[in-house]
Amino acid sequence: MSDHSDAPVAPIGAFEPPYYVAVFSTIRTQEQDGYRETNARMEELVRAVPGFLGMDHAQTPGGLGITVGYFRDADALAQWRTNEEHRAAQRRGRAEWYESYTLHIAKVERSHGYTRG
């Protein structure tokens, strides 16, 4: 979603399955007026959704952005999907900010993590 320059350098920890992920992969256009502000608002809104667990984001030097949102259940994901401000931002994204994007929704059945320490 954004450049997330202040984002942690470690991935979100593993959650107890089952839970859902939304994987949003993008290539952005040159036109980015208003993107940062809208993205900050979307992050504020999604964090307020009951059942939102967190997100990871990565950006390649070539411009591919990948954001993974984690949701406790399908209801939390549906609440985010149908939020009116989010839907308006989606429309603006298609009109202005994204050259292309792909969205994958999946139910996670297995999850584990590792941290050196």
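The C-alpha trace spans about 40 × 30 × 20 Å along its principal axes. The structure is a predicted model, in which local features need pLDDT of at least 70 and side-chain atom pairs count only at pLDDT 80 or more, while totals for chains, interfaces and linings use all residues. Residues are numbered from 1 along each chain as its sequence is written, and side-chain values use heavy atoms, with hydrogens and water left out.

The protein contains three helices and four strands, arranged from the N terminus in the order β-α-β-β-α-α-β. These elements are DSSP runs numbered from the N terminus, helices being H or I of at least four residues and strands E of at least two. Pro-18 lies in the segment before β1 (19-28) and is joined to Pro-17 by a cis peptide bond, with omega about 0 degrees.

Of the 117 residues, 32% are buried (under 20% relative accessible area, 1.4 Å probe, protein chains only). Among contacts (heavy atoms within 4.5 Å) with a separation of 6 or more, 79% involve residues 24 or more positions apart. The accessible surface, computed by the Shrake-Rupley method with a 1.4 Å probe, comes to about 7700 Å², and carbon and sulfur atoms account for 51% of this area.

Conventions:
Buried < 20%, exposed > 50% of the residue type's maximum accessible area, 1.4 Å probe, protein only.
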